[in-house]
Amino acid sequence: MKRLLVTGGAGFIGANFCHYWCSTHPLDRVVVLDALTYAGNLASIAPLIDSGKLRFERGDIGERSRVAALITEEAIDTVVNFAAESHVDRSLEDPATFLRTNVLGTQALLDAARGAWGADAGRRGCRFHHVSTDEVYGSLGPGAAAFTESTPYAPNSPYAASKAAADHLVRAYSHSFGLPCSISNCSNNYGPYQFPEKLLPLCILNILEGRPLPIYGDGQQIRDWLHVSDHCRALELILAQPAASGTWNVGGSTQEPNLTVVGMVCDLVDRAFAAERSLAARFPSCPAAGGRASRTLIRHVQDRPGHDRRYAVDSTRIRERLGFAIGTPLAPGLEDTVRWYLGNEGWWRSVVSGDYRQWYARQYAGKVGA
Ligand code: NAD
Ligand code: TYD
């Protein structure tokens, strides 16, 4: 039986992880620590809190002594660190916030775990797992081999640089202080509970509300899409290994250009409207409500500065050593995701606050006339 501290558990991947873990490991203790920034939503884990399946604490990973006290009070033996500022576009506007949470916050969390667990953390089976990204490896050319665990770090955005710095700190705490740590570097996730600033939920909601779909540049940038449920299963496999197992790359083995993926989402929405007549009444501004193709909303807009052209993750290590396999390929995964947003209008209306609407308007006004 484990006693987990899940930081950032009210965010997209953290919330999916909590749902997954509470249903597959019902005897484990799960405590969520989350600062509830704009990206954190209690609604995503409310059923777990209400049914007593996890304890929620609002707090910042940077509050070292408070976090250490929580680890001691709850006899936590496993920290899974999802907490982060996670959106590349926001990191271009305000890098300092990313350094504060992703670098200094991670360092404070490492210190808290080290202080609470003491020198024999490894012997007592304690474990600090840090959730990171493939973006630390930089951008790949068209024919270049996918990122492996030994690809040198070459982060290009302030977000990627902050995650790279955090990874280095995790490694250093393991090496210098013997803190039992592991890291996973994962590709682009998609699925339920993703905050609408990210490409796929942004497109789904814009289609439903008849807004333009802003495609940066030529839309030929390639991402390695991974359904979040597969990420959760990968983390479960990794957490079953000793911390000394080190670094694990996790990819979706699905490299598609943004324009292709957005086109697939448009077609899925059109098909859903054709199959279910009530959707037209619920979303009258959606092109599909008037029999038009959602693809007509696609607009090519000014590219993101320094936009990474291609990510691809080589998952050989986790596949061969831990038997990891993709359970939800892209096409059914996107269908499931579109269906989830159609069925959870209350969730996305509640997370899209006035602040987000204002940010969206600033971010996209010059580009698509948002
Ligand atoms: P998210 O932005 O949806 O959620 C982040 C969560 O962290 C939010 O609940 C937020 O309130 C919380 N948080 C932020 N600052 C905090 C702080 N100082 N203290 C405590 N909580 C804080 O992010 P996500 O997409 O769920 O990503 C989770 C992790 O996975 C991140 O570390 C991210 O770098 C990594 N990752 C994400 C992806 C992806 O495609 N989304 C891919 C690979 C890796
Ligand atoms: P995003 O979801 O922000 O994830 P990341 O930048 O971490 O990969 O973006 C995914 C891809 O979609 C990326 O190549 C940028 C592109 N993109 C757009 O073309 N338009 C948008 O409005 C957004 C948010 C992203």
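In this predicted model, strand 8 contributes the most to the shell around ligand 2, giving 3 residues. The shell as a whole holds 17 residues, and those that come nearest to the ligand are Glu 135, Pro 214, Arg 304, His 307 and Tyr 364. By class, 6 of the shell residues are nonpolar, 5 are polar and 6 are charged.

Several side chains place polar atoms beside oxygen atoms of ligand 2. For Arg 304, which is also among the nearest residues, a polar side-chain atom lies 2.6 Å from an oxygen atom of the ligand. A polar side-chain atom of Arg 223 is found 2.8 Å from a ligand oxygen atom, and for a polar side-chain atom of Asn 188 the corresponding distance is 2.9 Å. Taken alone, ligand 2 exposes 510 Å², of which the protein buries 97%. Two or more residues of the shell are supplied by each of two elements, namely helix 4 (88–93) and strand 8 (213–216).

Leu 36 has a positive phi of about 50° although it is not a glycine. This residue belongs to the loop that runs between strand 2 (29–34) and helix 2 (46–50). With a relative accessible area of 17%, Leu 36 is buried, because the value falls under 20%. Ser 253, likewise not a glycine, has a positive phi of about 55°. Its loop lies between strand 11 (247–250) and strand 12 (255–257). The relative accessible area of Ser 253 is 56%; this residue therefore counts as exposed, the cut-off being over 50%.

Cysteine pairing was considered next. A disulfide is a covalent bond between the sulfur atoms of two cysteines. A search of the whole structure found 0 disulfides. Cys 203 takes part in no disulfide, and the nearest cysteine sulfur to it, that of Cys 266, is 6.9 Å away. Cys 266 is likewise in no disulfide, its nearest cysteine sulfur being that of Cys 203. Cys 203 counts as buried, at 0% relative accessibility. Cys 266 is buried as well, with a relative accessible area of 0%.

Notes: Residues numbered from 1 in each chain as written. Chains lettered and ligands numbered in written order. Predicted model: local features only at pLDDT ≥ 70, side-chain atom pairs only at ≥ 80, totals over all residues. Heavy atoms only, no water. Near = heavy atom within 4 Å. Polar contact = N/O pair within 3.5 Å; in protein donor to acceptor, adjacent residues only side chain to side chain. Areas by Shrake-Rupley, 256 points an atom, 1.4 Å probe, with all protein chains shown as cover. Helix = DSSP H or I, 4+ residues; strand = E, 2+ residues; numbered from the N terminus. Nonpolar A, V, L, I, M, F, W, Y, C, P; charged D, E, K, R; others polar. Buried < 20%, exposed > 50% of the residue type's maximum accessible area, 1.4 Å probe, protein only. Disulfide = S-S within 2.5 Å.
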